[in-house]
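Hello,

Here is the structure we talked about. Please open it and keep it beside this email.

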Amino acid sequence: MTEHTLPAGVADALERGLAAMQLDAALAPPLLTYLTLLDRWNRTYNLTAIRDPLEMVTRHLLDSLAMQPYLKTGTLADLGTGPGLPGIPLAIARPQLQVTLVESNGKKARFMREAVRQLGLGNARVAESRAEALAEPAAYDHLTARAMDTLAGIIRVGGHLLRPGGRLLAMKGVYPHDEIAQLPAGWSVEQVLPLSVPGLTGERHLVVVTGP
């Protein structure tokens, strides 16, 4: 840990959230290391609009981890990941998952490289690139995008990265009826899963889309 410390109550909130999600308490220390680093860098580089570390626990860490039951192994490209969300929490929780953090913003990419280094995440790498420019066709079992565009928009910029039979796992709020109706030809919804995030109000869904 750095000299920069998180406010009182943040660690307890994370531990309660992990317990509510039936996740291993051993995830708390590396997640707190990541959060400490994010909070420190955010004060200078404005990596996320959320400034309160307690709010970051719910809206960044726990929200990212809500999809981890559906990602066990294989390769994942996290498109437009920003400061590493959900990719870094997923890489911490799923050591057998190989995560590529795709982000074109230089400040955010630098932050993620430092986070990956400090956390010793051998299963995560940073690709400083726009998703559509990433020349790794059919390289990934899974794609995800937590706050990036519509389903059709995600497919437009990142669909080439998905191997045949692979899946897009997109985090959404309310059930995205309109977005599902506008999926490109050949793409179909496998399932839409309601997610429960401790402390988060409002609906949350994981939309699982399969490609042609």
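This is a predicted model: local features need pLDDT of at least 70, side-chain atom pairs count only at pLDDT 80 or more; totals for chains, interfaces and linings use all residues.

Residues are numbered from 1 along each chain as its sequence is written, and side-chain values use heavy atoms, without hydrogens and water.

Start with the sheet. It is open, with 7 strands in the order E3-E2-E1-E4-E5-E7-E6, and its pairing is mixed. Strands (E, at least two residues) and helices (H or I, at least four) are DSSP runs, numbered from the N terminus. Two strands pair if DSSP finds at least two bridges between them. Strands E3 (124-127) and E6 (188-194) each have a single partner strand, so one side of each lacks a neighbour in the sheet.

Strands E1 (residues 74-79) and E4 (residues 140-145) run parallel, joined by 3 bridges. Leu 76 has His 142 in E4 as its bridge partner.

Helix H5 (residues 106-119) packs on the sheet and touches E2 (97-102) and E3. Contact means heavy atoms within 4.5 Å. Helix H6 (residues 151-158) also packs there, touching E1, E4, E5 (162-172) and E7 (205-210).

Now the largest pocket. A pocket is an open set of points on a 1 Å grid over the protein atoms alone, where a 1.4 Å probe fits, with protein on both sides within 12 Å along at least five of seven lines; lining residues have an atom within 4 Å of a point. Its lining has 15 residues, and Arg 59, His 60, Leu 85, Arg 146 and Ala 147 lie nearest the centre.

Best wishes

Notes. Axes are lines fitted to C-alpha atoms, for helices over the stretch in contact, and angles run from 0 to 180 degrees between N-to-C directions.
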